[in-house]
Amino acid sequence: MTTPIINARNQFKGTISAINRGQVVSEVEVTTLSGLVTSVITTRSIDELQLTIGSEVLAFVKATEVAVAKLA
């Protein structure tokens, strides 16, 4: 599988630390050097990608808007 070119600021290499399976969608927790990233993906995708706890993955973050507020 080839990874498409994506802005480096939007991807985090990590390891799956937890999978909370649902019937249709599941929650996947990825531990990265920057912290924990949680993703909700289809359970079918988990099975097709053969994702398990300990799998090394890239977490891609796509957002149309990110708000930032300065703390006092």
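I began with strand 1 (residues 11–20) and strand 2 (residues 25–32), which pair in the antiparallel sense over six bridges. I note here that the model I am reading is a predicted one. Looking for an individual bridge between these strands, I took T15 and found that its partner in strand 2 is T31.

I then went through the sheet as a whole, and recorded an open arrangement of four strands, in the order 3-2-1-4, with antiparallel pairing. Strand 3 (35–42) and strand 4 (56–60) are at the edges, and because each has a single partner strand, one side of each is left without a neighbour in the sheet.

Next I turned to T32, which I located in strand 2. Is T32 buried or exposed? I looked up its relative accessibility, which is 11%, and since the cut-off for buried is under 20%, T32 counts as buried.

I also asked which backbone atoms the side chain of T32 reaches. I found the backbone nitrogen of S34 at 3.1 Å, and the backbone oxygen of G35 at 2.7 Å from the T32 side chain.

Last, I listed what T32 touches once residues up to four places away in sequence are set aside, and the entries are F12, K13, G14 and V37. Placing these against the strand ranges, I note that strand 1 spans residues 11–20 and that strand 3 covers 35–42.

Methods
Residues numbered from 1 in each chain as written. Predicted model: local features only at pLDDT ≥ 70, side-chain atom pairs only at ≥ 80, totals over all residues. Heavy atoms only, no water. Pairing = 2+ DSSP bridges. Helix = DSSP H or I, 4+ residues; strand = E, 2+ residues; numbered from the N terminus. Buried < 20%, exposed > 50% of the residue type's maximum accessible area, 1.4 Å probe, protein only. Polar contact = N/O pair within 3.5 Å; in protein donor to acceptor, adjacent residues only side chain to side chain. Contact = heavy atoms within 4.5 Å.
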